Amino acid sequence: MVDLPALGARIQAIRADRGLSLQRLADSSAVSVSMLSSVERGEKAATIVVLGRIAEGLGVPLARLVAPASESTVVVRRAADQDVADEPGGWRRTVLSPVVPGVNFEWVRTELPPGCDAGVFPAYAPGSHEFVAVDAGTLRLTVGGEATDLGPGDSVYFAADVEHGYANPGTEPCRYAVAALIMRPRGPGAARPRRRPVG
């Protein structure tokens, strides 16, 4: 038997981690806002078809919604299920980390073409942290207005409660990974891309 309040809490937590409003989830899942709201509050039992649509809208396997977290401490995210986004300016980011409700951790792989500026990200809440490791190329990391160039094998930590930006000033593609613990969910439009080449 499904624990409706627990199911609703899981859906709400994943939605919050993804930075989705009820309306955006309704649009992507073809489930009404009123139905989503009732399911999240544990007031209504959704059919397996509706739950499947919600899972698809959230970008998670259906089993992740219906299986209580206590049944397994291992959450696998297959390569085919990773979120890949091609951003303006030609750069790409891939979210590698599985979605775990209540855990605001992200592990992201990013690829910047030569001369690409990925934009400026806002300051997150105090207690937010980012670790960056460069695999290839040159990464110009700007934290609080101070720029640092990093090469292959270099890594860095910074408190993410200040504005920070990523750019590739080199002539070769840059590939790097970010492990981030963010004290509030990342929302759509968090980055403000600056579509200009960097020198």
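**Figure 1. The residue that follows helix 2.** In this predicted model, A30 comes directly after helix 2 and has a positive phi, near 60°. Helices (H or I, at least four residues) and strands (E, at least two) are DSSP runs, numbered from the N terminus. Residues are numbered from 1 along each chain as its sequence is written. Because the model is predicted, local features need pLDDT of at least 70 and side-chain atom pairs count only at pLDDT 80 or more, while totals for chains, interfaces and linings use all residues, and side-chain values use heavy atoms, with hydrogens and water left out.

**Figure 2. The buried face of helix 2.** Helix 2 spans residues 22–29, and its buried residues are L25, A26 and S29 (buried: under 20% relative accessible area, 1.4 Å probe, protein chains only). Viewed down the helix axis, these residues fall within an arc of 105°, so they line one face of helix 2; the arc is that of the directions from the axis to the C-beta atoms. They pack against helix 1 (4–18), helix 3 (33–40) and helix 4 (48–58), where contact means heavy atoms within 4.5 Å.

**Figure 3. The pairing of strands 6 and 9.** Strand 6 (residues 139–143) and strand 9 (residues 164–167) are joined in the antiparallel sense over 4 bridges. R140 lies opposite A167 of strand 9.

Methods. Buried < 20%, exposed > 50% of the residue type's maximum accessible area, 1.4 Å probe, protein only. Pairing = 2+ DSSP bridges.
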